[in-house]
Amino acid sequence: MTDLEQQVFSEVRAIIANEEQVIGRRATLVPLKKAIIADGDIRNVIDIVSTDPALAAHLLWRSNCAMAPSLHPNRSLKDALVRLGQVNIYRYAFTFYLKEKLDELPQPYRKLVQGYWRLTEAIATDAVDSLHQMQGVSIDADEVQTLALFSVFGQIIALTAFAYLNAEQEQCFPLSIIKSLIDTQQKSLTLGAFEALGLDDELQHEFMIAHNLRQTRDANSPGLVLRRILAQRGLLLNSL
């Protein structure tokens, strides 16, 4: 790593650690996180989600996307949230507000990160479809979908942080630097982002299984479902 790359790497990691800057401490996300950490009544979570109609609609849509075609879709927010469980609710909410923040980035970063987001959505669709075709497993489809939405989390977060870094500079760092860092430091950037942004330990554990960084004997691991999709697309952090 060159001195300039080391400088950018350190500054990008510092920005990633600032949750306010990277994702925005939205009025709904903060109390939602507190309610889930407190392991309170699901009714409190429902009330918090209901304060943001856009998020509520998104969660209802996401929950129905993950359901098997043979099942009847959820028609009410309450039914959807009760079925999802609090951890999946927060993961979906996090990605919802993250995507909203990404749409505010200046060009060319917005175009680049939106490309990563389209890839993420495609991976999530493939992973859920693959799960529905599997027999003899007991894996929650929403856990697969929420995990898949973090498939290229490191790239998205690093590029977002780089955009904020360049916005503060009189002379911008070239894009080639962040491309080099993403290529060579993706694991470090990704795991650092999971830790800094307070995402649940189980998500990080399954992410590492999905990217072949950790092994498991659990046949019902969502990470194993995602690993097949990532391997097919050549996206594993640690090749098979």
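Helix α13 (222–232) is mostly covered, with eight of its eleven residues buried. The model described here is predicted. The buried positions of α13 are Pro222, Gly223, Leu224, Val225, Leu226, Arg227, Ile229 and Leu230. These buried residues pack against α8, α9 (141–148) and α12. At the N-terminal end, α13 is capped by Ser221, which places a side-chain oxygen 3.1 Å from the backbone nitrogen of Gly223.

Between the C-alpha atoms of Gln232 and Arg83 the separation is 30 Å, and the two residues lie 149 residues apart along the chain.

The loop between α12 (201–210) and α13 (222–232) contains Asn212. Asn212 is not a glycine, yet its phi is positive, at about 60 degrees. Most residues other than glycine have a negative phi, and most peptide bonds are trans. Asn212 has a relative accessibility of 8%, and because buried means under 20%, this residue is counted as buried.

Thr95 is part of helix α7. With a relative accessible area of 3%, Thr95 is buried. When neighbours within four places in sequence are left aside, the residues in contact with Thr95 are Trp117, Leu149 and Phe150.

Two helix pairs were examined for their packing geometry. Two packed helices are described by the angle between their axes and the distance between the axes. For helix α11 (residues 175–196) and α12, the axes come within 10 Å and cross at roughly 165 degrees. Because an angle over 145 degrees counts as roughly antiparallel, α11 is roughly antiparallel to α12. The α11 and α12 crossing is right-handed. On the α11 side the contact is made by Thr190, Leu191, Phe194 and Glu195, and on the α12 side by Leu203, Gln204, Phe207 and Met208. Sorted by class, the residues in the contact of α11 with α12 are five nonpolar, two polar and one charged.

For helix α4 (residues 42–50) and helix α6 (residues 77–84), the packing angle is about 125 degrees and the axes are 10 Å apart. The two helices α4 and α6 are therefore oblique to each other. Their crossing, that of α4 and α6, is right-handed. From α4, the residues Ile42, Ile46, Val49 and Ser50 meet Leu77, Lys78, Leu81 and Val82 of α6. The contact of α4 with α6 comprises six nonpolar residues, one polar residue and one charged residue.

Terms used
Residues numbered from 1 in each chain as written. Predicted model: local features only at pLDDT ≥ 70, side-chain atom pairs only at ≥ 80, totals over all residues. Heavy atoms only, no water. Helix = DSSP H or I, 4+ residues; strand = E, 2+ residues; numbered from the N terminus. Buried < 20%, exposed > 50% of the residue type's maximum accessible area, 1.4 Å probe, protein only. Contact = heavy atoms within 4.5 Å. Polar contact = N/O pair within 3.5 Å; in protein donor to acceptor, adjacent residues only side chain to side chain. Axes fitted to C-alpha atoms, helices over the stretch in contact; angles between N-to-C directions. Parallel < 35°, antiparallel > 145°, perpendicular 65-115°, else oblique. Left-handed = near helix turned anticlockwise from the far one by under 90°. Nonpolar A, V, L, I, M, F, W, Y, C, P; charged D, E, K, R; others polar.
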